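Hi,

Here is the structure I said I would pass on.

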Amino acid sequence: MRCVRCGSEAFSKAGLDHQDRQVYQCAACRRRQTARSVSAFCGYRFPDDVIALAVRWYLRFRLPYADITELLAERGVHVDASTVFDWVQRFTPLYSASPRSIRTRRARIASVSVSGGLSTRPLSGWPAIGSMPTGLSTSTAR
Ligand SMILES: [Zn+2]
């Protein structure tokens, strides 16, 4: 982790924030930050997984914002449709900047299934469902 103010990599632990995330204090400038401070999701109240999932649902399935809020509410995440709109406006350019790796991965999986036939073992190189960035973890309901 690197300090967002001075670039130093020397940190000490400085307690937890209100969402129980570890807070670190820079040894050089004494600025306090979490691991999320350098993330694109910094400043957003909802967990990264929830935001990523809502944006993915919008982009992949073209669901209306009201339907996305309903799907999230079924999973214990209560969010307004205008908030989902804000997420889509903010994160769509970031997703569209990196589609190549996803397309390449899908093509690799398709070629494996065509040449290898049916297989019950998981494909190597493919992330487990729980580790996928768009998955909704159980720790998101607060
Ligand atoms: Zn610093």
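This is a predicted model: local features need pLDDT of at least 70, side-chain atom pairs count only at pLDDT 80 or more; totals for chains, interfaces and linings use all residues.

Gln89 sits in helix H3.

Now for the helix itself. H3 covers residues 81-96, which is 16 residues. From first C-alpha to last it reaches 22 Å, close to the 22 Å expected at 1.5 Å a residue. There is a bend in it, though: about 35° at Arg90, with a proline, Pro93, following within four residues.

Which residues of H3 are buried? They are Val84, Trp87 and Phe91. In general, an α-helix has 3.6 residues a turn, so residues three or four places apart point the same way. What the buried residues of H3 pack against is helix H1 (48-61) and helix H2 (65-74).

Take the H2 side. The axes of H2 and H3 are 8 Å apart and meet at an angle of about 105°, which means H2 is roughly perpendicular to H3. On H2 the contact is made by Tyr65, Ala66, Ile68 and Thr69, and on H3 by Ala81, Val84 and Phe85.

Leaving aside neighbours within four places in sequence, Trp87 is in contact with Ile51, Ala54 and Val55.

Those residues also turn up in the largest nonpolar core, which has 13 residues. The ones with the most contacts inside that core are Val50, Ile51, Ala54, Val55, Ile68, Val84 and Trp87. H1, H2 and H3 are the elements that give two or more residues to the core, and H1 gives the most, with seven. As a rule, nonpolar side chains in soluble globular proteins tend to be buried together.

Zooming out to the whole chain, there are four helices and three strands. Reading from the N terminus, the order is β-β-β-α-α-α-α. Buried residues come to 13% of the 142 in the chain. Of the contacts with a separation of 6 or more, 38% are between residues 24 or more positions apart.

Cheers

How values were computed: Residues are numbered from 1 along each chain as its sequence is written. The expected span of a helix is 1.5 Å times one less than its number of residues. The bend at a residue is the angle between axes fitted to the seven residues ending there and the seven starting there. A residue is buried if 20 or more other C-beta atoms lie within 10 Å of its own, exposed if 12 or fewer, and partly exposed in between; C-beta atoms are placed from the backbone. Two residues are in contact if their C-beta atoms, placed from the backbone, lie within 7 Å. A nonpolar core is a set of buried Ala, Val, Leu, Ile, Met, Phe, Trp, Tyr and Cys residues joined through C-beta atoms within 7 Å. Axes are lines fitted to C-alpha atoms, for helices over the stretch in contact, and angles run from 0 to 180 degrees between N-to-C directions. Angles under 35 degrees count as roughly parallel, over 145 as roughly antiparallel, 65 to 115 as roughly perpendicular and the rest as oblique.
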